[in-house]
Amino acid sequence: MTRQEDDIVAGVLSAILRGATDVDEIAASTGADPAEIAAATSSLASEGRIAREGDRLLARSPVDHLRSVVDAQLQSIVGAGESIRDRLDTMPQLLNDWAIGRQKSGGEYPVEVLQGPHVLQELWSGRFGWEIPGKIRIMTNGLELIESFRVPDVALADSFMSEHSLDVRCLLPGSTLAEAGAERVGALIAPSTQIRIARSTSEWFVLHDDTLALPTSSDQDTFERVLLVTAPPIARLAAHYFDTVWQHSQPFPSPENDWRALLPLLAGGVTIESAARTLGISERTARRRVALAMDHYGVDGLFALGMAWHSDSAR
């Protein structure tokens, strides 16, 4: 594939990620002709990056794409993992020495499966800690992921990030802010990290330049088994997905956008009184900020405010 063809494919994928669903919408967004678009969508579909539903073209999440790409490679890895599990079952004393297990796989993309009780801590401090990245993107489904990194000194980590001008962004689901509160979140995440609150995030992943870490299965509720793949095409797809969610998320509570911090909580069914407690402010202050939000959207009443905010967030 030539560089020009690569650029067309990248442009078509970007258009689909932004919401284009047919050839006409893609052409309007990219300027490509129908033959070029047909070739690009055929290539993207064969690689598993997009899906077809009749005449509609839909972007697949990087998690789904990655699982389909490495499925064949994981079959051999699963066999090796079963062998390890059998040995651990018959020789429990090995658990004292077993901290992390790795299996590497060749193929189209370099894939590793990391496993062990402290795998994310080892990954963050032992692997990523020796490399200064250009960017880090963290999509979480709760604070448990951040806690699993076991960062010993958040202030020291923040100094390192500031010294090296690291571009670190973290997406948290709105439910996390409502349950844990802004103070708890701030205690776990370095201040230099840009944080936004998404309406919901069903799964987690960590993007460290061209290396993507994510769970080995969608129903995994622990962090003891992690799929690690280093491949620029997959990293770009994950970055596109992250950026799309980022653009439609709300900033973390701060003096500059204080009223916006209330809206995800209220949209999730939290009362003004509960939202005020979550954010560590008085109910009077919360109501004043709600009034500011109504002025911003030109509406009266919480229902109209919720409708206006949802409409604005969906753009």
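**Terms and values in this model**

Colleague: Why is Leu 302 called partly exposed?

Modeller: Leu 302 has a relative accessible area of 45%. Buried means under 20% relative accessible area, exposed over 50%, and partly exposed in between, with a 1.4 Å probe and protein chains only. The value for Leu 302 falls in between, so the residue counts as partly exposed.

Colleague: What kind of model is this, and how are residues numbered?

Modeller: This is a predicted model, in which local features need pLDDT of at least 70, side-chain atom pairs count only at pLDDT 80 or more, and totals for chains, interfaces and linings use all residues. Residues are numbered from 1 along each chain as its sequence is written, and side-chain values use heavy atoms, with hydrogens and water left out.

Colleague: Where does Leu 302 lie, and which residues does it touch?

Modeller: Leu 302 lies in helix 14, residues 302-313. Helices (H or I, at least four residues) and strands (E, at least two) are DSSP runs, numbered from the N terminus. Not counting residues up to four places away in sequence, Leu 302 touches Leu 266, Ile 272, Val 290 and Met 294; contact means heavy atoms within 4.5 Å. Leu 302 and Leu 266 are 36 residues apart in sequence, with their C-alpha atoms 8.7 Å apart.

Colleague: What makes Thr 193 count as buried?

Modeller: Its relative accessibility is 11%, and the limit is under 20%, so Thr 193 is buried. Thr 193 lies in the loop between helix 9 (182-188) and strand 7 (194-198). Leaving aside neighbours within four places in sequence, its contacts are Met 161, Val 168, Arg 169 and Cys 170.

Colleague: Why is the link between Asp 167 and Arg 137 called a salt bridge?

Modeller: A salt bridge is a side-chain nitrogen of Lys or Arg within 4 Å of a carboxyl oxygen of Asp or Glu. The closest N and O atoms of Asp 167 and Arg 137 are 2.8 Å apart, so the pair qualifies. Asp 167 lies in strand 6 (residues 167-173) and Arg 137 in strand 5 (residues 135-139), so the pair ties together parts 30 residues apart in sequence.
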